[in-house]
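Biologist: I'm new to this one. Could you put it on screen and walk me through it?

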Amino acid sequence: MSLIPSFFGNGRRSNVFDPFSLDVWDPFQGFSFSTAGETTALANARIDWKETPEVHLFKVDVPGLNDEEVKVEVEDGSILQISGERSKEKEEKNDKWHRVERSSGKFIRRFRLPENAKLEGVKAAMENGVLTVTVPKEEVKKPEVKAIDISG
């Protein structure tokens, strides 16, 4: 029995001085944020968007997914849409789950591309759970300036 009372849970801890051994109280325990039994936490797939002089580069964290489970589309000529789905793990009758934190379900992220995006050259590649979408940029033509002689 612990000498320190637990106000944040059921008091189960293996070591009072190890903060990682504590089962922390979850204020949302018992509430369901799911649709048809699947969580939507994957909907917040993390994405970085970087622009270089040559390309727009999107990097998406999709750990555990393969290229068949992720879709990259360009919609209406200016919207980059990245979507996918992680299937829920099958439960066996004799399984005893102690913790379920990995999310399952669908995600979708949409980005309006700038006018200089060259949509014909969009490429996507997946490596080590990171999807990289490369959108090349068109050369922006500088407006021609023509000097006009002033008569006087």
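Modeller: Strands (E, at least two residues) are DSSP runs, numbered from the N terminus. This is a predicted model, where local features need pLDDT of at least 70 and side-chain atom pairs count only at pLDDT 80 or more, while totals for chains, interfaces and linings use all residues. Residues are numbered from 1 along each chain as its sequence is written, and side-chain values use heavy atoms, with hydrogens and water left out.

Biologist: Okay. How do E3 and E4 pair, and over how many bridges?

Modeller: E3 and strand E4, which covers residues 79–86, are antiparallel and share 6 bridges. In that pairing, Val 74 sits opposite Leu 80 in E4.

Biologist: What sheet has the order E3-E4-E5?

Modeller: An open one of 3 strands, with antiparallel pairing. Strand E3 (70–75) and strand E5 (105–112) are the edges; each has a single partner strand, so one side of each has no neighbour in the sheet. From one strand to the next, the twist averages 15°. For that angle, axes are lines fitted to C-alpha atoms, and angles run from 0 to 180 degrees between N-to-C directions.

Biologist: What's the order of the sheet with 4 strands?

Modeller: E1-E2-E7-E6, an open sheet with antiparallel pairing. Its edge strands are E1 (47–51) and E6 (123–127), each pairing on one side only. Direction ignored, neighbouring strands of this sheet are turned by 15° against each other on average.

Biologist: And how many bridges join E1 and E2?

Modeller: There are 5, antiparallel again, with E2 covering residues 55–61. Glu 51 stands opposite His 56 in E2.

Biologist: Switching topic: how many residues are in the largest nonpolar core?

Modeller: It has 16, and Phe 58, Val 60, Val 62, Ile 82, Leu 131 and Val 133 have the most contacts inside it. By nonpolar core I mean a set of buried Ala, Val, Leu, Ile, Met, Phe, Trp, Tyr and Cys residues joined through side-chain atoms within 4.5 Å. Buried is under 20% relative accessible area, exposed is over 50%, and partly exposed is in between (1.4 Å probe, protein chains only).

Biologist: Which strands supply at least two residues of this core each?

Modeller: E2, E4, E5 and E7 (130–136) do. The largest share, 3 residues, comes from E7.

Biologist: Is Leu 57 buried or exposed?

Modeller: Leu 57, in strand E2, counts as buried because its relative accessibility is 16%. Its C-alpha atom is 8.5 Å from that of Pro 136, 79 residues apart along the chain.

Biologist: And Gly 64, buried or exposed?

Modeller: Gly 64 is in the loop between E2 and E3, and at 71% relative accessibility Gly 64 counts as exposed. Beyond four places in sequence, Gly 64 touches Glu 69 and Arg 86.

Terms used. Two strands pair if DSSP finds at least two bridges between them. Contact means heavy atoms within 4.5 Å.
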